[in-house]
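Please take a moment to look over the sequence and the structure before reading on. The paragraphs below go through a few places one after another.

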Amino acid sequence: MIQSVVKGLKFDHMGLIPAIVQDMHTGQVLMMAYMNNEALERTLETGTTWFYSRSRQRLWNKGETSGNVQRVGKISVDCDMDALLLLVDQQGAACHTGSKSCFYRDISGAQCSTVPMDRDVLDSLYRIVEDRSKNPREGSYTNYLLDTGMDKILKKIGEEAAEVIIGAKNPGKQETIYEIADLLYHITVLMLQKGIEYKEVYRELDSRHSKGR
């Protein structure tokens with residue numbers, strides 16, 4: 001048994017352990033590779049991912065040639081101590097094909113996404129609002145809000161928050177869902193104005209969860 005930097009970690013007969021890499025901001029599964037003990041040591045020392053290439057039979061630092069570095073936020077070990085989960089801040093694409101994730105096809109070969117749906121929707125909404133800011137469209141309500149300025153955006157958030165409260169007082173849930181969606185949209189516009197991205201909010205929520213709130 002190879003001595004591990006993590007007590008009790010189990011490597012296979014080749015001295016390797018599978019490492020699943022996940023985007024710490026979106027939850028998207030990015031790739032799966034293998035580490036040996038030295039790769040894990042270097043990952044812990046440098047804060048970026050190192051793996052062992054079975055085909056080239058050598059260590060490699062993710063992003064060493066492409067620049068698509070993975071900065072490690074957290075490493076977890078599974079219950080059997082024979083697999084790792086790395087949460088990373090991915091710079092650029094994780095896959096050598098240029099895709100964000102190596103898991104970009106479903107079993108039939110069709111294009112797919114491994115981003116959890118809830119975060120994907122909010123991130124997509126943010127990108128749409130961002131695009132309206134960079135490429136204004138005539139008659140766009142988003143551009144109207146952005147052009148009018150912060151006071152108008154804040155006023156709308158106050159109004160939408162009040163409508164959520166009113167909707168929640170009424171029977172059923174559909175009205176409340178509708179008003180929450182309106183509120184989230186206006187909050188997204190505010191976030192763009194403040195230079196805040198959803199990944200920063202996810203990170204804050206995750207830190208609160210890890211503290212046991």
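Does Arg132 count as buried or exposed? In this model, which is predicted, Arg132 belongs to helix H2, a helix that covers residues 117–134. Its relative accessibility is 18%, and because buried means under 20% relative accessible area, Arg132 counts as buried. Once its neighbours within four places in sequence are set aside, Arg132 is in contact with Arg137, Ser140, Thr142 and Asn143.

From there the reader can turn to a pair of helices. Helix H3 spans residues 141–148 and helix H4 spans residues 150–169, and their axes come within 5 Å and cross at roughly 120°. On the side of H3, the contact is made by Tyr141, Tyr144, Leu145 and Thr148, while H4 brings Lys152, Ile153 and Lys156 to it.

Helix H1, which runs over residues 37–46, has Asn37, Ala39, Leu40 and Thr43 as buried residues. Seen down the axis of H1, these buried residues fall within an arc of 165°, and so they line one face of the helix. What do the buried residues of H1 pack against? They pack against five strands, namely S2 (29–35), S3 (50–53), S4 (58–61), S5 (70–77) and S6 (84–90).

At the N-terminal end, Asn36 caps the helix, with a side-chain oxygen that lies 3.3 Å from the backbone nitrogen of Glu38. Just after H1 comes Gly47, which takes a positive phi of about 80°. Within H1 itself one also finds Glu41, which is partly exposed, its relative accessible area being 31%. Between Glu41 and Arg105 there are 32 Å in space, C-alpha to C-alpha, and the two are 64 residues apart in sequence.

The cysteines remain to be considered. How many disulfides does the structure hold? The number of disulfides is zero. Cys102 is partly exposed, with a relative accessible area of 31%, whereas Cys79 is exposed, with a relative accessible area of 74%.

Definitions and conventions. Residues numbered from 1 in each chain as written. Predicted model: local features only at pLDDT ≥ 70, side-chain atom pairs only at ≥ 80, totals over all residues. Heavy atoms only, no water. Buried < 20%, exposed > 50% of the residue type's maximum accessible area, 1.4 Å probe, protein only. Helix = DSSP H or I, 4+ residues; strand = E, 2+ residues; numbered from the N terminus. Arc of directions from axis to C-beta. Contact = heavy atoms within 4.5 Å. Polar contact = N/O pair within 3.5 Å; in protein donor to acceptor, adjacent residues only side chain to side chain. Disulfide = S-S within 2.5 Å. Axes fitted to C-alpha atoms, helices over the stretch in contact; angles between N-to-C directions.
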